[in-house]
Amino acid sequence: MFEQERSPSKKERIMVVDDQLDNLDLLSTILNLQGYKVEVFDRGKPALETAQTKPPDVMLLDISMPEMDGFEVCRRIKNHPHTKDTPIIFVSSLNEVGNKTRAFRCGGSDYITKPFQLEEVIVRVENQLQISRLKAELEAKNTRLEQELARCQIVEEKLLQLNQKLGKLATIDSLTQIANRRTFEEALIREWQRGQREKQDLSLIICDIDHFKLYNDTYGHQAGDVCLRKVAQAILNTVMRPADLVARYGGEEFVVILPQTPANNALKVAEKIRLQIEQLSLPHPQSSVSDRVSISLGVTSVVPQPKYTRKQLLFTADKALYQAKKQGRNRAVLETLES
Ligand SMILES: [Mg+2]
């Protein structure tokens with residue numbers, strides 16, 4: 001009846017170790033009929049040596065044997081890296097609780113009491129094989145999951161880098177490598193709200209390179225770009241506090257946000273910028289102002305309040321810039337906001 005229950009194509013290896021030859025015969029016959037590949041040993045030591053070179057899928061192990069008993073075989077099997085996962089089913093006539101406990105403590109997976117029923121042996125062997133199969137499946141799944149996770153982490157990291165790159169592209173002016181207009185507008189909203197909350201002065205400088213069109217006409221657009229980069233960096237180097245923001249507003253126009261800065265200090269910063277550009281000493285022979293590249297600056301300052309708007313602040317800074325140009329360029333002019 002047993003041979004019909006299993007497919008003989010399954011070639012799992014079962015090792016049977018028992019010093020009683022009739023037991024060995026019976027067990028190997030019945031397991032063979034079930035389609036397993038059976039190896040028999042009547043002593044522990046040779047069984048152990050074979051197992052360590054080629055671990056079986058299940059070991060049926062007698063306890064009372066000469067030379068080396070089943071407990072010792074089991075202990076050595078469980079201590080060896082090749083066989084530590086090999087399931088061991090003890091088969092013993094020693095039906096005392098103490099032995100059973102010891103059998104499980106030394107690493108046994110199951111225990112069959114002699115005289116055994118053949119069906120019980122088969123079911124218990126199949127149980128151990130099923131556990132091993134499930135374990136292997138689980139390990140394979142875990143490995144796959146770990147690989148998948150590692151792949152996800154790589155993708156995530158790449159996305160993060162890409163996002164940072166995109167974020168930078170969206171906030172930086174590609175030519176001058178300083179903040180772009182969008183960043184300026186966002187910062188102005190933020191600083192306006194903060195100024196309102198904290199009732200602190202907010203200053204704004206708008207500046208414009210004098211006669212930049214003539215500079216481009218004289219030296220060409222590539223030289224014009226170099227000039228823009230140098231001016232941008234010079235402004236950036238002059239404005240030192242972390243909360244300050246220097247941005248390219250467009251063309252040859254730059255803006256500086258100076259939070260918590262009263263008008264007179266903002267004017268000083270503007271004058272410093274003007275001087276810094278002068279000291280760049282970039283030749284500009286066509287300029288009517290100077291033979292060097294120069295800059296005009298409009299400065300304004302306000303404690304943000306609901307009665308004012310950001311637009312007014314920008315408009316006033318622009319008006320100051322217009323005044324600076326009107327008064328002969330290469331200078332900073334302060335205008336106060338009209339209430
Ligand atoms: Mg025995």
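Domain bounds here come from an automatic or database domain assignment. I kept that in mind while going through this chain, which is a predicted model.

**Entry 1, domains.** I looked up the assignment, and it gives domain 1 as residues 2-138 and domain 2 as residues 181-336. I then checked how far apart they sit: the C-alpha centres of domain 1 and domain 2 are separated by 87 Å.

I asked what the radius of gyration of the chain is. The chain has 44 Å, whereas a compact globule of 339 residues would be near 20 Å. I also noted the spans of the C-alpha trace along its principal axes, about 120 × 45 × 40 Å.

I found ten helices and ten strands. Of the 339 residues, 33% count as buried. I looked at contacts between residues at least 6 apart in sequence as well, and 67% of these join residues at least 24 apart.

Which residues does α7 bring to α8? I found Tyr215, Asn216 and Tyr219 on the α7 side, meeting His221, Ala223, Gly224 and Cys227 of α8. I sorted the residues of this contact by type and got four nonpolar, three polar and no charged.

Technical notes. Residues are numbered from 1 along each chain as its sequence is written. This is a predicted model: local features need pLDDT of at least 70, side-chain atom pairs count only at pLDDT 80 or more; totals for chains, interfaces and linings use all residues. Two residues are in contact if their C-beta atoms, placed from the backbone, lie within 7 Å. Helices (H or I, at least four residues) and strands (E, at least two) are DSSP runs, numbered from the N terminus. Ala, Val, Leu, Ile, Met, Phe, Trp, Tyr, Cys and Pro count as nonpolar, Asp, Glu, Lys and Arg as charged, and the others, Gly among them, as polar. The radius of gyration is taken over C-alpha atoms; the globule rule is 2.2 Å times the number of residues to the power 0.38. A residue is buried if 20 or more other C-beta atoms lie within 10 Å of its own, exposed if 12 or fewer, and partly exposed in between; C-beta atoms are placed from the backbone.
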